[in-house]
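Good morning, and thank you for coming.

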Amino acid sequence: MDRSPENRPVLVAVANPEHAEQLVRTASDLARLLESYVTIVSVAVKPSSSPFSVYTDETIIERFAQDTRDLLDAAIAVAPEDVPIEREIVVGRTMADGVLKAIRRTDARALVIGWHDSRSRTDAILGTNLDNLIENAPCDLYVERIGYEANGVDSILVPVAGGPHVRPATHAAKAIAARNDATVHLLSIVEPDIDEGAARDHLEAGVQLLEDSPGSGASPDFSPDVRVETAVRTGDDVSATIAELAPDHDVLVFGVTRQGAIQRRLVGSIPQRVIPRIDETVILARSGDVVSPSRLDKLRGLWRRG
Amino acid sequence: MLALTLAFWTFVGLATIACLFMAWSLGANSNSPPFAPAIGANAVSTLRAAFLIGILAAAGAVTQGGSISETVGAELIRGTAITPLAATTGLLVAATFMSFGVYSGYPVPAAFATTGAMVGVGLSLGGDPAFGTYRRIVMFWLLVPPSSGGIAFLTAKLLRRDDIPETVGVPVLAAVVAGILANIRLGVIPHPDRSQGSIAELVSHALGSPTVLGVDPSVVGTTVVFAALSFQFIRRKVVASVERGIRSFLLVLGAIVAFSSGGSQVGLATGPLEALYGTELGLPSVVLLVIGASGILAGAWMGAPRLLQATSREYAQLGVRRSIAALVPGFVIAQTAIALGIPISFNNIIISGVIGGGLAAGSAGVSRRKIGVTVLFWVLTLVTSIGIGFGLYRLLSTLLGTS
């Protein structure tokens, strides 16, 4: 496997063999664009209430993680062949704990993770593990909704409104467009009677990001020419307007938005309102630039090391 | 007066909810180990196991929970009774620690949290520390890891020895377990001096036998009969088919351990309310135990399947013999703690048992750092729960003007 050491992997976390193919495909698209490789990671979850949590990580992986190994084998079996694939088993107290450990260990550039939108009974927005990762994963993060997979992708919709998460969103859009020869539609929505200038600026910035993103002529082997279209729409209700336009596209890539009440801080109010109303593939993108390691994380490191 | 009554009933309500929550989380989190090995060995399905765990743990809670509940409620502090506000505060602190443990994934043993919180609020109430009780409790806690690990080690050695065939080793273990079973104290069995009696003592009373050299021959006789019967029962099964016999033993053992865990854990939820329910409301202690037992039952039914699924495969990889080795001390130590009325963390016993059984197989593969962190969190839980219990009670009693 030839890769320069400074290359950082695209991590994809798998927990269910049925969902592996969809997630590994997206991770491979990203890795192709970033000229990197994919590391499939699976977590052997050992909560501290488990008597087995006192074993060393090596012992756990060797003796008490057969399921996890089987899962990785299944995931690798469905991976595309043109992207280098590595595998990693980590031991964690929770899923999120293990994935965070894997990010640190591999110095991952991005993480792709699935989200199953069952009607959950908890307060958590996407589930405690995903919420934790959105808050703490120190790399670009892509959350892909499981099960709603487009049959061939012609058109990708990226709603933009500025902010740090547009960059990872354009990466994902470009990566998927490149494999499918699809068009990326950047969309900005303004309320009526408000100057469209800001919206135009957002779109321009989005186009710039798409052009600047990796894979643009940097490597002679892979320089996708992705078609980009932009549109400004007027509408009172941003969520409703996006939901209305969604059926014309195959994939929606959202940057998470940070405004709104505390409860919506993680994902953003707009994606939260749009997602339940549409059947398209949805990817939430969150930039790694917004995460700085917290003091609690450093404390947690005590437990994780070794 | 009306306001006072209202306040009183509010505290009764709050305290009961806190007790139910505590019992629920005990049922959901610390009652699953008993059947995980049996599921791992395909002796029972996950859902049936969770169902049985709930019933057995609740039964254990009602019949055996009284002694530890009494210690937590009345013997941690001298010179003052726990008031409704103090009971509510203590439970609130303990329940918060439990939630923190579940949320953060750090090991927070309920026994330490409840004991610490009750000592804290008791001291804050102006009570005197009961040093004698603390000494007994701390001594027991310090002895748990070596004895649990030791029993597991010996059990695993016995089952691994080539010169002792399974047709002897497993029935011997069954005999030991049954012998102890004849002597465990149950709330449903009357005893002239205590609230709980054992089957052996019941037989002894019925026969009215005298003691010889301080030993009651009919207690010994009952114990031997119990041991002999189960030796015979398990031996017949093991002789017919070693694997099936071991599996049945694992199932029976799991049932007994689930029962014991209920008896040893419910007091951590109900203990703080002993004074409130017993003295203030004048209710018999079984009412409180039934409340605690229903919390444990609900917790086990709702939480155990997930946890069982997570750990049963590990026990399967551990193997039946080492699984048995990890369970035997769970039963022995939980029953000793019940007999002595000492609050214990069931998980600590099982962890030590798994390590001990592992050592018998040669390499332990245990991480010293992880054990260190685990022990550190145990100590932290104890110390901080005392401090928070003390401080929170002071704060609340000042705010509410009931000091």
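Let us start with a polar contact: the side chains of Ser287(A) and Arg167(A) meet at 3.2 Å. A polar contact is a pair of N or O atoms within 3.5 Å; within protein, one must be able to donate a hydrogen and the other to accept it, and residues adjacent in sequence count only if both atoms are side-chain atoms. Before going on, I note that this is a predicted model, in which local features need pLDDT of at least 70, side-chain atom pairs count only at pLDDT 80 or more, and totals for chains, interfaces and linings use all residues. Residues are numbered from 1 along each chain as its sequence is written, chains are lettered from A in the order in which they are written, and side-chain values use heavy atoms, with hydrogens and water left out.

Where does Ser287(A) lie? Its place is the loop between β10 (281-286) and α10 (295-304) of chain A; helices (H or I, at least four residues) and strands (E, at least two) are DSSP runs, numbered from the N terminus. Ser287(A) counts as buried because its relative accessibility is 0%. Buried means under 20% relative accessible area, exposed over 50%, and partly exposed in between, with a 1.4 Å probe and protein chains only. Among the residues that Ser287(A) touches are Cys139(A), Asp140(A) and Arg167(A), where contact means heavy atoms within 4.5 Å.

Arg167(A) also forms a salt bridge with Asp140(A) (2.9 Å, N to O). This pair links distant parts of the chain, with Asp140(A) in strand β5 and Arg167(A) in helix α6, 27 residues apart. A salt bridge is a side-chain nitrogen of Lys or Arg within 4 Å of a carboxyl oxygen of Asp or Glu. Asp140(A) is buried at 9%, whereas Arg167(A) is partly exposed at 23%.

I turn now to the two chains together. How many residues does each chain bring to the contact? Chain A gives 27 residues and chain B gives 27 residues. About 2,400 Å² is buried between them, and carbon and sulfur atoms give 53% of that area. Buried area is the accessible area (1.4 Å probe) that two parts lose on being put together, summed over both.

Across this interface the rule finds one salt bridge; the side chains of Asp57(A) and Lys370(B) meet at 2.5 Å, N to O. On the side of chain A that touches chain B, α2, α3 and α10 each supply at least two residues.

Conventions: Lists of a residue's contacts leave out its neighbours within four places in sequence.
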